[in-house]
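Trainee: Hi! Could we go through this one together? I'd like to ask things as they come up.

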Amino acid sequence: MLEVKDINLFYGAAQALRGVSIAAEPGKVTCVLGRNGVGKTSLLRAMVGQYPISSGAIVLDGSDITGLKPYERARKGIGFVPQGREIFPLLTVEENLKTGFGPLRREDKHIPDDVYSLFPVLQSMLGRRGGDLSGGQQQQLAIGRALVMRPKLLLLDEPTEGIQPSIIKDIGRAISYLRNLGNIAIVLVEQYLDFACELGDSFAVMDRGAVKFTCDRSNLDASEISRQMAL
Ligand SMILES: Nc1ncnc2c1ncn2[C@@H]1O[C@H](COP(=O)(O)OP(=O)(O)OP(=O)(O)O)[C@@H](O)[C@H]1O
Ligand SMILES: [Mg+2]
């Protein structure tokens, strides 16, 4: 379980996160919603340790990881699918997947079968360069790469952004499958509300660096979320 407790994050003098608290549980999809520039990516960067927070705490399975480096957090099981995918264009699909081996022990360095069952296109394109893939295929590759390290916390930053509908469906199926495994906590950052509402167990809407509205699947009101996102 991930607990983000009252974190603040500054870029120089500009405050990007203001007292943000959020939790993510295994077997659940926690959605973080909000318009452009409200701080969604900054929140994920704080979770993976790509950018330091100025106060607050990030706790994973009861241990405070706030001071850990990104690679140390990866070893603790945090997998990240960054916005814009950030695959390596000159490496092959297989090499891109193998970059996910970093945090693993030698005996665990193999690509899990479910990466290929979720995204068969990756298997058929193993020898192709990442940069030759379509945007949707690159997104599948970025998710596959994060799964290679068998994360217990998976962070996805706008995985549907700029992706065609058929591949969005594949990505939605993959997220459902991973949730149903029951042992992975998933944080899904999205602006595509319908997609988030289909998958989400809990929802947090951000505005200007703060969480300003939350709800659960049990009291989900998509039109209220939409209104909160538009305010
Ligand atoms: N490296 C940085 N240096 C300075 N300001 C930054 C930096 N990264 C982001 N910001 C600013 O911090 C605020 C939050 O940005 P962030 O990328 O977290 O938003 P976001 O919700 O992910 O937006 P989007 O939906 O467009 O991806 C914005 O005002 C942005 O301009
Ligand atoms: Mg972003």
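Mentor: Happy to. Let's start just after helix α1, where G49 takes a positive phi of about 85°. Keep in mind that this is a predicted model.

Trainee: Okay, and how many residues of α1 are buried?

Mentor: Eight of the nine residues in α1 are buried, so the helix is mostly covered. The buried ones are K40, T41, S42, L43, L44, A46, M47 and V48.

Trainee: Which residues coordinate the magnesium ion?

Mentor: The magnesium ion, ligand 2, is coordinated by T41 through OG1 and by Q83 through OE1, at 1.9 to 2.2 Å. T41 sits in α1, which spans residues 40-48, while Q83 is in the loop between β6 (78-81) and α3 (93-98), so this pair ties together parts that are 42 residues apart in sequence.

Trainee: Is T41 buried or exposed?

Mentor: T41 counts as buried, because its relative accessibility of 18% falls under the 20% cut-off. Q83 is partly exposed, with a relative accessible area of 27%.

Trainee: Now the other ligand. Which residues come nearest to ligand 1?

Mentor: G37, K40, T41, S42 and Q83 come nearest, out of 14 residues around ligand 1. T41 and Q83 are also the two that coordinate the magnesium ion.

Trainee: What gives the most to the shell around ligand 1?

Mentor: That's α1, with four residues. By class, the shell has three nonpolar, seven polar and four charged residues.

Trainee: And which polar atoms lie close to the oxygen atoms of ligand 1?

Mentor: A polar side-chain atom of K40 is 2.7 Å from an oxygen atom of ligand 1. For V38, a polar backbone atom is 3.2 Å from a ligand 1 oxygen. For T41, an N or O atom of the side chain is 2.7 Å from an oxygen atom of ligand 1.

Trainee: How much of ligand 1 does the protein bury?

Mentor: The protein buries 60% of the 630 Å² that ligand 1 exposes when taken alone.

Trainee: Let's switch to the strands. What is the order in the open sheet of four strands?

Mentor: The order is β2-β1-β4-β5, with antiparallel pairing. At the edges are β2 and β5 (63-64), each of which pairs on one side only.

Trainee: How many bridges join β1 to β2?

Mentor: Seven bridges join β1, residues 2-11, to β2, residues 14-24. Within that pair, E3 stands opposite A23 in β2. The two strands form a hairpin with two residues between them, and in the turn G12 has a positive phi of about 60°.

Trainee: And what about β1 with β4?

Mentor: β1 and β4, residues 55-60, are antiparallel and pair over five bridges. L2 stands opposite L60 in β4 there. β4 also pairs with β5 in the antiparallel sense, over two bridges, and V59 stands opposite D64 in β5.

Trainee: Next topic: which strand does β9 pair with?

Mentor: β9 (residues 202-207) pairs with β10 (residues 210-216) in the antiparallel sense over six bridges. V205 faces F213 of β10 across that pairing, standing opposite it. The hairpin of β9 and β10 has two residues between the strands, and R208 takes a positive phi near 45° in it.

Trainee: Since you mention phi, what phi does R150 have?

Mentor: R150 has a positive phi of about 50°, although it is not a glycine. R150 lies in the loop between α6 (135-148) and β7 (153-157), and with a relative accessible area of 36% it is partly exposed.

Trainee: And E158, is that one buried or exposed?

Mentor: E158 is buried, with a relative accessible area of 6%. E158 is in the loop between β7 and α7 (165-181), and it has a positive phi of about 45° although it is not a glycine.

Trainee: Last one: where is L193 found?

Mentor: L193 is in helix α8, residues 193-199. L193 is buried, at 14% relative accessible area. L193 and S226 are 33 residues apart in sequence, and their C-alpha atoms are 7.3 Å apart in space.

How values were computed:
Residues are numbered from 1 along each chain as its sequence is written. Chains are lettered from A and ligands numbered from 1 in the order in which they are written. This is a predicted model: local features need pLDDT of at least 70, side-chain atom pairs count only at pLDDT 80 or more; totals for chains, interfaces and linings use all residues. Side-chain values use heavy atoms; hydrogens and water are left out. Donors are N, O and S atoms within 2.8 Å of the metal (3.2 Å for Na, K and Ca); water is not among the atoms, so sites may look incomplete. Buried means under 20% relative accessible area, exposed over 50%, partly exposed in between (1.4 Å probe, protein chains only). A residue is near a molecule or strand if one of its heavy atoms lies within 4 Å of it. A polar contact is a pair of N or O atoms within 3.5 Å; within protein, one must be able to donate a hydrogen and the other to accept it, and residues adjacent in sequence count only if both atoms are side-chain atoms. Accessible areas come from the Shrake-Rupley method with a 1.4 Å probe; for residues, only the protein chains shown count as cover. Ala, Val, Leu, Ile, Met, Phe, Trp, Tyr, Cys and Pro count as nonpolar, Asp, Glu, Lys and Arg as charged, and the others, Gly among them, as polar. Two strands pair if DSSP finds at least two bridges between them.
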